[in-house]
Amino acid sequence: MLVELKNGETYNGHLVNCDNWMNINLREVICTSRDGDRFWKMPECYIRGSTIKYLRIPDEVIDMVKEDTMQKNRGQGSFRGRGGRGRGGQTGRGGFGGRGGGQRGGRGGSRGAGKQRTD
């Protein structure tokens, strides 16, 4: 895969690992300077996710991920996420979907808990 950084350098190598912050480990890497006139070959490198401008991933890899995702979805049945019915139905939060009871409007919650209204 090819990784271009915000500073213009490119790294081309085999993906070893990627985490939730898009930090990447590559092996058998060829680094190209921002001008494209210098090249370095490295056995491995680590790239911090916040420095990445874009990634170029081969179509074969994307197709493999699509197939894998479809196979996983078939095995799980209908997946709706957390919390029951989802959009349009009761959300498990008093029927209003927000915070608090929804009695008087506003941002809800339990402000003034223990005080009684006298009006």
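Helices here are DSSP runs of H or I with at least four residues, strands are runs of E with at least two, and both are numbered from the N terminus. You're looking at a predicted model, where local features need pLDDT of at least 70, side-chain atom pairs count only at pLDDT 80 or more, and totals for chains, interfaces and linings use all residues. Residues are numbered from 1 along each chain as its sequence is written, and side-chain values use heavy atoms, with hydrogens and water left out.

Stop 1: Select residues 59-76. This is helix α1, 18 residues reaching 26 Å from its first C-alpha to its last, close to the expected 26 Å (that is, 1.5 Å times one less than the number of residues). Zero of the 18 residues of α1 are buried, so the helix lies largely in the open. Buried means under 20% relative accessible area, exposed over 50%, and partly exposed in between, using a 1.4 Å probe and protein chains only.

Now show Asp68 and Lys72. Both sit in helix α1, four residues apart, or about one turn. Asp68 counts as partly exposed at 36% relative accessibility.

**Stop 2: the other salt bridges.** How many salt bridges does the rule give? The count comes to four. One of them joins Glu44 to Arg27, with the closest N and O atoms at 3.5 Å. That pair links distant parts of the chain: Glu44 is in strand β4 (residues 39-47) and Arg27 in strand β3 (residues 24-32), 17 residues apart. Arg27 is partly exposed, at 44%. Next pick Arg38, which pairs with Asp37 at 3.7 Å between the closest N and O atoms.

**Stop 3: the core.** Select Met1, Val3, Leu5, Tyr11, Ile24, Leu26, Val29, Cys31, Cys45, Ile47 and Ile52: these eleven residues make up the largest nonpolar core. Such a core is a set of buried Ala, Val, Leu, Ile, Met, Phe, Trp, Tyr and Cys residues joined through side-chain atoms within 4.5 Å. Strands β1 (2-5), β3 and β4 each supply at least two of its residues, and β3 gives the largest share, four.

Setting aside neighbours within four places in sequence, its contacts include Val3, Leu5, Tyr11, Met22 and Asn23, where contact means heavy atoms within 4.5 Å.

Definitions and conventions:
Salt bridge = Lys/Arg side-chain N within 4 Å of Asp/Glu carboxyl O.
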